[in-house]
Every structure is written in C-alpha cells, then in structure tokens.
Amino acid sequence: MANALLEMHGIVKTFGGVKALDGIDLVVAPGECVGLCGENGAGKSTLMKVLSGVYPYGTWEGEIRWEGEPLRAANIRDTEDAGIVIIHQELMLVPQLSVAENIFLGNEITLSGGRMNYAAMYQRADELLRELNISGINVAQPVMNYGGGHQQLIEIAKALNKRAKLLILDEPSSSLTASEIRILLDIVRDLKKRGVACVYISHKLDEVEAVCDTITVIRDGKHVATQPMKDLSTDSIIAMMVGREIKNLFPREPHDIGEVIFEARNVTCFDVTNSRRKRVDNVSFSLRKGEILGVAGLVGAGRTELMQAIFGAYPGISEAEVYLNGKRLKIKTPANAIDAGIGMVPEDRKRHGIVPQLGVGHNITLAVLNRFAKGGRIDSAAELDTIHTEMKRLSVRAATPMLSIASLSGGNQQKAVLTKMLLTDPKILILDEPTRGVDVGAKFEIYKLMFALARRGVSIIVVSSELNEVLGVSDRVLVIGEGQLRGDFVNVGLTQEHILAAAIRATPQTHSFQASVA
C-alpha cells in the first residue's frame with residue numbers, strides 16, 4: 001500500500017509449539033481507524049503486543065514496516081519513540097501519583113539539576129485534557145481519586161503526550177459510562193482529522209461501526225477478512241468473528257419463578273475514605289427461586305458496593321441483614337458467603353477474581369480445593385479431571401491448564417472466574433459485569449448458561465452497565481441511584497428510558513410481580 005503508515009505481513013507468533021498467530025496481515029494509513037475484531041483468544045492482543053514491542057523482534061516471524069521502513073523493535077520504548085502507543089485493556093496508571101505525573105511518567109519535564117518542573121507539567125497536562133474536551137479533573141490530584149472512566153481518558157492524554165502517530169486502543173470503553181463513550185468516540189474522530197491513525201479493538205460493534213473506516217477480522221489466530229466498514233453490517237462482522245450467524249444475542253428460555261428464597265435488608269455501605277458518606281443507603285430487596293434479577297444504574301451509583309456487602313467483600317464499613325430460605329446468615333467474609341450457597345463473579349477480575357501467579361486450572365479449583373483433599377494432600381488427578389471438564393464446559397481457551405491465567409485474554413479470564421464460582425454449586429449467583437471485555441460469541445454462551453441455571457432453580461443477580469443486556473436477560477430490574485433503590489420493575493414493556501428516568505429520579509417506583517416468565 002503506497003501511503004501506508006503501518007504494514008504487518010505474515011505475522012506468526014508461537015507459544016510452546018502452539019501458533020497464537022498464523023500469518024496475520026494488517027495495514028493502516030495515516031488518519032485511518034482500523035477496527036480489529038475477533039473472539040476472545042483470537043489473537044488480537046497478541047498481535048498488538050508484537051506491534052508495540054512487548055514481544056520484541058526475533059520472537060516472532062513475518063515483517064513489520066513503519067513509514068516504509070522495516071521496524072525491528074527490541075522493546076516498547078523503541079515503538080513509542082517511533083510513534084506507536086498502545087493503551088492496554090488493563091490500565092497502566094500508578095494510583096498514588098498525580099494525574100500530571102502519570103501523564104508524564106517516563107517523559108518528565110525537568111529543571112536544571114534534574115528536579116521536576118511541576119508547573120510546566122501541570123500546565124501541559126491541563127492543555128492536553130482541554131484538547132480532548134475532558135473536564136472536571138484536577139491534574140495535581142492522585143489518579144486514584146478518579147473513577148475508571150476518567151482514568152481511561154487520562155490514559156489517552158498520556159498517549160498523546162508521547163506524540164503518537166498510531167494509537168492502539170484495546171477495549172477502551174469497557175469501564176466508561178455512555179457519556180464518556182461519546183467523548184471517547186469524539187476524541188477518535190478528532191485524532192483522525194489530525195492525521196493520527198488508530199487501531200480500535202472492541203467487542204462493542206456499535207462503537208466499531210461509529211468510528212472505524214476499515215475492519216480486519218481474525219479468528220483462531222488467522223486472518224479472515226479485511227473490508228471497508230461501509231460494506232459491512234454488525235451481523236456480517238459477527239458471522240466472520242464466530243464462523244456462524246447469531247440470530248438472537250439473548251437466547252431467552254422459559255423458566256419457572258418460585259417463592260422468595262433470598263432477602264437483603266437495610267444494606268448500608270460507608271465510603272472507604274470518608275466514613276460520613278454513604279455509598280449504599282439502606283437498600284432492601286428480595287429474590288425469588290429461579291429468578292434473574294438485573295441491577296442497573298449510573299456508574300458510581302453503588303451497585304458494586306451493594307453486592308460486595310452482601311458477599312462479605314466490601315473493603316469499608318458496611319451493614320447488612322442477609323436471609324436465605326428465611327434463615328439469617330452471618331456473612332463476614334466471601335468464604336462465609338460461599339459456604340452458605342452464595343457465589344459472586346466480581347466486577348474487577350484482575351484485582352478480585354484471579355490469582356495471576358497461578359495457572360488457569362488452579363484458579364478454577366481455588367474455591368473448592370477441599371473436595372480434592374485426601375489425607376492432607378490434594379488428589380491432583382481428580383482435580384485435573386475436573387479442570388478439563390469445566391474448561392470445556394465454558395470453552396475457556398488455554399493451551400494447557402498450567403498456563404498462567406494472567407497470559408489469557410480478558411474474556412477467557414472472565415470465563416475462568418465464572419467457572420470457579422459455578423464449581424461451588426451456588427443457590428444464589430451474583431454476576432457483576434459478567435460480560436465486560438467478552439466477545440459476542442462468548443456472551444451468547446454465558447447468557448445460555450444463565451438461563452440454564454435459572455431453569456435448574458438457581459437465582460441470579462446480574463449487575464451490568466449495558467442496559468440492553470439488563471433488559472435482554474432479566475425477569476425483574478432494580479435501579480440504583482446515588483446509593484438508593486430508585487426502581488423495582490418487572491421486565492415487561494420495560495425500556496432503557498424507564499431505567500434511566502428512575503436512576504435520576506428521587507422517588508422510588510415499583511411494578512407488581514408476575515409469577516412466571518416465558
């Protein structure tokens with residue numbers, strides 16, 4: 001391609017004899033946004049690690065040309081010096097440092113003698129945020145004072161400060177609100193006008209359709225197609241990604257809903273850093289046997305804190321009365337909750353869902369190790385047999401169960417965490433953002449599993465920022481706003497507008513319950 005900024009040809013990357021990438025091509029022109037699409041484990045992140053120098057030249061086969069010349073990067077510094085900057089799915093900010101210090105990390109402005117020129121860094125950081133139309137951030141404050149959405153936008157400012165010619169965005173909107181996503185997409189459009197090229201990796205195909213000029217699809221490490229976005233539809237992209245057509249993303253199945261099995265009463269959580277502020281304010285709700293209960297609300301509304309308190313995992317001071325089958329439970333720790341029959345897949349799998357140093361298999365059996373204990377030793381053969389069965393059940397992709405879970409894609413990590421909780425045979429299953437960073441095909445399988453569990457009488461609580469997901473899977477929807485219960489709706493004729501209106505309205509609203517759902 002004559003005017004190409006980047007050309008990747010025949011890229012092959014092997015791990016332990018297994019080809020993660022098998023002859024991938026990718027071409028990007030200045031000012032072009034290429035959407036890189038594929039299922040979890042397809043090789044998208046691996047390809048970007050090859051490009052960005054995480055995997056240095058010599059550890060892979062093929063050719064990379066940058067501005068017409070061979071690119072043989074030994075590390076990330078080499079690619080960043082060239083103008084290639086990657087924003088990883090897992091944010092790379094230092095929580096205790098200020099916003100400005102994070103933006104200039106490794107590229108600090110200094111005075112004579114090597115001292116930091118904070119005035120200049122604060123001024124430039126402010127300018128960068130203004131250029132990106134990001135407001136409400138004090139660049140002198142620690143980055144940990146801001147939520148995940150703001151931190152994602154700060155990462156983009158950090159990348160632009162490195163004078164990026166090609167910006168790689170790996171699942172950039174996974175922790176953003178709807179308004180922050182609009183800001184992000186506007187930023188990408190503005191970058192394109194300035195001649196900055198982008199590779200946009202996302203499972204949210206509406207975003208891909210909104211900003212991408214070209215789509216490259218890979219499946220199982222192989223190149224499937226590269227086509228202009230204008231010639232494609234969301235359905236055709238999905239079909240190329242998964243190798244089949246998915247007619248209905250939410251495969252609703254009839255399931256009976258029984259009597260109330262679970263109750264949470266007067267749940268209150270106090271802010272970890274300010275004990276006078278309530279993150280959850282006296283919330284009570286019930287859950288019926290076999291019911292799928294959606295929990296919606298704006299980011300920061302207190303949904304996750306509510307679930308953590310019920311599960312015994314809230315890091316601050318909390319109060320909660322929890323009843324299962326009419327019996328009050330004493331839950332002080334997650335172990336207490338699991339023993340009582342309550343399982344939870346947490347929102348932040350990296351911090352709360354996995355042990356990065358362990359293999360995939362050992363992560364999966366972590367909560368039920370006592371099942372394999374015999375005479376003070378673990379029956380490794382029985383454990384491995386269970387691991388193989390459970391990995392196959394949810395299609396957790398890993399070359400071997402001994403492979404470090406940290407090396408898996410985000411979606412496969414999520415499926416491993418879900419598998420771990422299912423092994424505990426929960427009566428109540430809490431799923432906090434269960435499909436975040438998960439591809440369309442895997443989402444479909446997770447939804448099918450949820451309906452199968454509901455048919456068996458498992459009661460499920462689903463917390464999700466995606467309102468179409470809440471509406472697509474739930475029998476009933478709770479709406480949380482500013483730490484309070486703002487709505488309790490049967491999901492019949494319920495719309496996203498109803499949910500959003502309840503989230504910002506101070507007066508709680510309810511609809512009567514219907515006994516069964518088809």
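**Helix packing and sheet order in the predicted model**

Contact here means heavy atoms within 4.5 Å. Axes are lines fitted to C-alpha atoms, for helices over the stretch in contact, and angles run from 0 to 180 degrees between N-to-C directions. Helices (H or I, at least four residues) and strands (E, at least two) are DSSP runs, numbered from the N terminus. The model is predicted: local features need pLDDT of at least 70, side-chain atom pairs count only at pLDDT 80 or more, and totals for chains, interfaces and linings use all residues. Residues are numbered from 1 along each chain as its sequence is written, and side-chain values use heavy atoms, with hydrogens and water left out.

Two strands pair if DSSP finds at least two bridges between them. Strand 6 (residues 84–87) and strand 7 (residues 166–170) run parallel over 4 bridges. Val 85 stands opposite Leu 167. Ile 86 has Ile 168 as its bridge partner.

In a regular strand the side chains alternate between the two faces of the sheet. Both faces of strand 6 are covered. Ile 84 and Ile 86 are buried on one side, Val 85 and Ile 87 on the other. Buried means under 20% relative accessible area, exposed over 50%, and partly exposed in between (1.4 Å probe, protein chains only). Val 224 counts as partly exposed because its relative accessibility is 32%. Val 224 touches Val 217, Ile 218, Arg 219 and Met 240, not counting residues up to four places away in sequence. Gly 38 is 186 residues from Val 224 in sequence, yet the two are 9.4 Å apart in space, C-alpha to C-alpha.

Two helix pairs involve helix 5. Two packed helices are described by the angle between their axes and the distance between the axes. The axes of helix 5 (residues 148–161) and helix 6 (residues 178–193) come within 10 Å and cross at roughly 15°. These two helices are therefore roughly parallel; angles under 35 degrees count as such, over 145 as roughly antiparallel, 65 to 115 as roughly perpendicular and the rest as oblique. Residues in contact include Leu 153 and Ile 156 in helix 5, and Ile 183 and Ile 187 in helix 6.

Helix 4 (residues 118–131) packs on helix 5 at an angle of about 110°, with the axes 10 Å apart. Helix 4 and helix 5 are therefore roughly perpendicular to each other. Arg 124, Leu 128 and Leu 129 in helix 4 meet Ala 157, Leu 160 and Asn 161 in helix 5.

A further open sheet has 4 strands in the order 13-12-15-16, with antiparallel pairing. Its edge strands are strand 13 (278–288) and strand 16 (327–329). Strand 12 (residues 260–270) and strand 15 (residues 318–324) are joined by 6 bridges. Cys 269 stands opposite Ser 318 in strand 15. Helix 9 (residues 303–311) lies across strands 12, 13 and 15, at about 65° to strand 13.
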